[in-house]
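These notebook entries record what I looked up in one predicted model. The sequence and coordinates come before the notes.

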Amino acid sequence: MAENTENTANPQNTANTANQGRTDDRTDGVRPSRRALIGWGGAGLALGAAAAGGAAAALASTGGDSGAAGSAVDFHGAHQAGIATAVQDRLHFAAFDVRTDDRAAFVRLLKEWTAAARRMTAGLPVGDGAHGGLAEAPPDDTGEALGLHASRLTLTIGFGPSLFEEFGLRDRRPAALVDLPRFPGDNLDASRTGGDLCVQACADDPQVAVHAIRNLARIGFGTVAVRWSQLGFGKTSSTTPDAQTPRNLMGFKDGTRNIAGTETGRLEKFVWVGEGDGPGWMTGGSYLVARRIRMNIETWDRASLQEQEDVFGRDKGEGAAVGKAKEHDPPFLKAMKPDAHVRLAHPDSNHGITILRRGYSFTDGTDGLGRLDAGLFFLAYQRDIREGFVPLQRALAAKDALNEYIQHVGSAVFAVPPGVRDADDWWGRTLFTKET
Amino acid sequence: MRAVRASFVTAAATAAALTAVTGCTEKSKADGDGVIQVTAADTKCETSTTSVPAGQVTLKIANTGSRATEVEILFPDDRIVSEKENIGPGTKYTLTAEVKAGSYEIACRPGMKGLGVRQKLTVTGGGKVAARDPELDKAVAAYREYAQEQADATIPAVETFANAVTAGDLEAAKNAFAPSRVGWERTEPIAESFGDIDPKTDTRADGLEKGQKWTGWHALEKALWQDKKIGAEQKTLATDLVTDLKDWQRRVGKAEITPTSMANGAKELLDEVATGKVTGEEDRYSHTDLSDFRANVEGAQKAYELLKPVAAKNDAALTAELDKQFAALDALLDTYRSDSPADKAQNGYRSYDKVTKEQRKGLSDAVNALAEPLSKLAAAVVK
């Protein structure tokens, strides 16, 4: 069960008023109900049909996830933006491999990336911009985001386990950054798995998100190389509980009670790495699990409505749990089939385990057999992977009725360091400098 | 092969304009303004004056040597303003050219080989050509010389290939294919600048325009590796390939090359690798892509090395990075060397169909790592 404490706006959610001259409407200090929330934090479930939570309705007045269109999210803060930040509409996620053994060169890249990220999240072009410079040189910025708003772009960096094999970092690897075990049913494609580091770009405009990754990749050539990347749309979970919960590509509502960006207590308890949790450099950070979950769309669409609803444990129209009337009504787990997705994923079935999800739907065309290459790009943040994703996925992989219709085909884990404090700070400073 | 690039494309047109009045033999014109007596011998090249006014310049050439010679008027970067080849021993020739004010050289090339014997020529008057850093002129001249060497060296190599084809010797033809392409691949942006040669020699099946007959290396590549046969048509193609490449060899000296186009040409060579070689599209029948790959990189490195003294002064960090990335790519390519008998036709490299997807990714990453800083070389040169 999660304790909900006094809610104050997270520092990172303070809008950057310098850029657009407008304030993000998530900072209004809305307080959800202070009564104990039902501890189901939209946790864990790979596809996350969500059970109802008591505070959701109270939070619905925050106005949804879309925020002020075009506004900028502050890049600086105690935590990186892009985790508790209200989920944007679009994703471009990229995993990189290191291509240098020169530690100084890698640190230089992290500083260059930070500078570029600081500008792009403020709605500004990289470096000297996309035009007006030397005619003989390619412009610093690629230019496709010119004239577009910041679109609430957030850029979030993470470091994979393999990075700690480089640069003499072996003794700095956090114990909580575990290599995931092989789960039953996994069919992982090496070319969509792993990575020394990652950048998650979320924005309300796909062009803004793609522009950001493209420019970071370009700056990184020679030092890092893109290993794989994933585009996402149609957020499948929300960190500002909406009246209308987003649906996944199976047509089911998702993320009804994910952890909200304003729920300081649950964020501290389940998402942010606390002092003493492990190496000091991770304090204020989080751990990210990314899974590319392919859906067998065509066979799912041929499943009867009854089967579909049984698989999830909720109805398709309203999204209410079995035997309940409304999507936000607290679920009665025992009314569901033993292998129902919601039942297995629910915190009450998992000793209260809760993670913060930011997953997106993806569709990468068709697969050569005419089948839609589509599914969920699952992103989950947690304080410790060993206590978050691993036990949840173990439970799901073993029994979940949904497994007939999904397959995990890509996988990666990352240590997401704390936020960039100010204009002199940079991504990964706490890892690469000994002062912490 | 790719579409003609703007950076080189002005070549032929500019040269043509400058040489519009050349080649008129024994044009009767009294000695005086703009007339230079040139005495070309086996080891010397004497000129009657080192300074003439801008406009029509006439060379009255006498070959007093024992071998046929070639006389040229050259820009400071060794681009040819005008030339006459094959002036026999004991014969005379009058060469006329329209020349703007600036610094030039007259070159006599006994035996029509090498750099020849040089004399300075100053052309005075208005309409002066903008002066350029002599160091850059030196770089361009050296690159032009390199391009000429590559073209010269290609001819015997392509003749070996063509002879094997005309002899109907499939194995010998396969083994001679990749080596015949090296000089071309090293200097491809220059070859492509002429517009008409590349489509005849280096077009792939998917690059054909409607109605265009498929000729050149890749048509033969398909015949040798896929169809595994040499017929009358292939023999004609081989002969034509030699003819077309001799045309290229003759014209290399007239290509418009600037420090910027050299730098961009180096980058374009890496682009060739990134789009055609890394994917295995270029040599899809023979899988000799790594041989071409290496030649592209060598050509880029040559252009870079020549520009480096100037670039290093303007942007030392950039040249340090380029040195590092060229070395890294070289080292990576070395790991693909092969002396296996099975790879005999690969010019010393592994057959590209034996290079795994993961290895191709590694090669692609190394090319990106080099090409990105290389795209900044032109700016460092003109700074």
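Is Ala153(B) buried, partly exposed or exposed? I found Ala153(B) partly exposed, because its relative accessible area is 47%; buried means under 20%, exposed over 50%, and partly exposed in between (1.4 Å probe, protein chains only).

I noted the conventions next. Residues are numbered from 1 along each chain as its sequence is written, and chains are lettered from A and ligands numbered from 1 in the order in which they are written. The model is predicted, so that local features need pLDDT of at least 70 and side-chain atom pairs pLDDT 80 or more, while totals for chains, interfaces and linings use all residues; side-chain values use heavy atoms, without hydrogens and water.

I placed Ala153(B) in helix α3 of chain B, residues 134-166. Helices (H or I, at least four residues) and strands (E, at least two) are DSSP runs, numbered from the N terminus. Between the C-alpha atoms of Ala153(B) and Ser180(B) I read 9.1 Å, at 27 residues apart along the chain.

I then turned to the sheet. In chain B, five strands form an open, mixed sheet in the order β3-β9-β8-β5-β6; two strands pair if DSSP finds at least two bridges between them. Its edge strands are β3 (51-53) and β6 (80-87), each pairing on one side only. Strands β5 (residues 69-74) and β8 (residues 102-108) of chain B run antiparallel, joined by four bridges. Val71(B) is opposite Cys108(B) of β8(B).

Last, I consulted UniProt, whose unreviewed entry lists residues 139-377 of chain B as "domain: Imelysin-like"; positions are in the numbering used here, feature names are shortened, and annotations may be inferred rather than shown by experiment. I found this span 71% helix and 0% strand, with its end C-alpha atoms 14 Å apart.
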